[in-house]
Amino acid sequence: MSSIPLTHILFVSTALFFIGMYGLFTRRNLITMLMSIELILNSVNINFVAFNKYLYPDKLNGVFFSLFIITVAAAEAAVAIAIIINLYRNHRSIDVEETQEMKY
Amino acid sequence: MLIDFIILMKQELIITVIIFILLLLKIGTDISNEKILNLANGLLLLNLAAGFVGNQQGMLFNEMFLTNPLIVLEKNILSLGTLIVSLQSADWLKKHDHVPEFYILLLCTLLGMFFMISAGNLLMFYIGLELSSIPLAAMANFDLGKRRSSEAAMKFIMSSAFASGLLLFGISLVYGATGTLTFSEMAGHITGGSLQVFAFVLLLSGFAFKISVVPFHLWTADVYEGAPVAVTSWLSVISKGSVLFAFVSVLYTVFKPMAATWYNMLFVLSVLTILIGNLFAIRQNNIKRFLAFSSIAQIGFILVGITGSSQLATASVVYFVLIYVFSNLAAFGVVALVSAVTGREQVSDYKGFYKTNPVLSWVLTIALFSLAGVPPTAGFFGKFFLLMSGAGKGNYVLITIAALNMIISFYYYLRIVKAIFMDANEQPIERLIIPAYAKLAMVICIVGIIVTGLAGYVYDYIHSLSFGF
């Protein structure tokens, strides 16, 4: 049984990256935007693990990098959610369309 | 080994110790804000002084962490900027409930910047970048009850998370194309293939977000306006300066074989950045937004310098950031003082400022002259070296556009000077008492603006440490 080729996995990760980007640009709810950013970061994780497994299996650089990404993403989400809660307290909404006091 | 570790990572270790001291202080007894401020400023001064003694070069942890005299100098510039920002924010923090937290977040970002500059590996670089940007979002939200502050923090964390997503995707592709994360090994594998160019574009856009180069600058003005003034000055000077240092070293070591490709990208980006930064700065009425767009234009000039890719280029970028620290922080110092006491931030509020506050007017004027690049001030020499380095490549279209834009920038900088000195105002800003710390910060800035330009020794020293190809 032949294994899945690398290109298939890269296709999935690139698709995930652009789905995340699309979600970030079109969604107007801050929590959903945060989820889109998580999609982008997970696509990067898939990339790292796939490259490590298929191309450079003798070192574990890629796997370690993805571990760090998961950790940092958790920290980032924690700070972002704290900021969103504070935004909700001040604006009574987490819709980006309604938080636009400052515009050029 | 342990001795090496302590000596090479000295600056990071000192910052970590200061963070722990402040944390313990927070847990411990009730101390008045004034005492904490005195202690924090003293510790930052100590940190700055310690940066100048007993430096060595070398690498640690299998090339994860590098240090050399140029990196030490860059860290010292950032420490100096931190001290000035801390002195300026003393007056604002005095009335705040969370003084130790502010310093902890501030020093965490500084620690992240130090690791980012010293990084010899993309993993280390990424961790440093995140450590320097996540606490910054919390700092932008430091006026907890203000609507604008929370809006600014939201915009900042969203755009910086997206930027690090782009950067990471670029890093993952670079890893796929080269098989390594270490800068020195990576340079040998970069050939300029299409995958590598794509990865570089993603990396570049991640960087461009952080230093607000034009297609990615949209968060800048809003965040600057909404965040507390101390955080704004920190964002515009220290945060950008550190990313610029890291950008130059990544560009010149890792992507050296692709120089022909990125030269053209930087050419387009710098022209756009200078032009749009200048044109938008003309129409701003809020002085913080005005300074935001002027800082975007300054980043454009720095990109002109970076395109040079010679020893002169590195030297001119570091030199300009040093000058930029002094001149922008002097301007922000005055704006912070006025906004803290009167709450007025419009350009029109500064009409007739000279009648009531002659000293502050002169400080602001010298700072603006330095930002615009008027000869006796250091800003002129900074921009001169940047353009000279850009001209080294023989692309005179770029230099002409940059020089013409300097003239446009005179218009909007001098508009403020005109408002200060010439325009009449029925309700000028009242006479302000300058607190001792802010006065000290202004003196440091003004001396810096005048001395770094005229003392050729400073530039020669930076030039002797620089590298290029």
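Over residues 63–88 of chain A, the chain is 100% helix and 0% strand, with the end C-alpha atoms 37 Å apart. Helices here are DSSP runs of H or I with at least four residues, strands are runs of E with at least two, and both are numbered from the N terminus. Residues 6–25 of chain A are also 100% helix and 0% strand, and their end C-alpha atoms lie 29 Å apart. An unreviewed UniProt entry places the feature "transmembrane region" at both of these spans. UniProt positions follow the numbering used here, feature names are shortened, and annotations may be inferred rather than shown by experiment.

Some ground rules. This is a predicted model, where local features need pLDDT of at least 70 and side-chain atom pairs count only at pLDDT 80 or more, while totals for chains, interfaces and linings use all residues. Residues are numbered from 1 along each chain as its sequence is written, chains are lettered from A and ligands numbered from 1 in the order in which they are written, and side-chain values use heavy atoms, leaving out hydrogens and water.

Now the salt bridges. The whole structure has 10 of them over all chains, a salt bridge being a side-chain nitrogen of Lys or Arg within 4 Å of a carboxyl oxygen of Asp or Glu. One joins B:Lys75 to B:Glu12 at 2.7 Å, N to O. B:Lys75 is in helix α4 of chain B and B:Glu12 in helix α2 (residues 10–27), so the bridge ties together parts 63 residues apart in sequence. Both B:Lys75 and B:Glu12 are buried, that is, under 20% relative accessible area, where exposed means over 50% and partly exposed in between (1.4 Å probe, protein chains only).

Next, B:Glu225, in helix α10 (residues 218–226) of chain B. B:Glu225 forms a salt bridge with B:Arg148 at 2.7 Å, and another with B:Arg289 at 2.5 Å. B:Arg289 sits in helix α13 (residues 287–307), 64 residues from B:Glu225. B:Arg148 is partly exposed at 33%, whereas B:Glu225 is buried at 9%. These three residues belong to a network of salt bridges that also includes B:Glu151, B:Lys155 and B:Asp222.

B:Asp91 lies in helix α4 (residues 69–93) of chain B. Not counting residues up to four places away in sequence, B:Asp91 touches B:Leu337 and B:Pro435, contact meaning heavy atoms within 4.5 Å.
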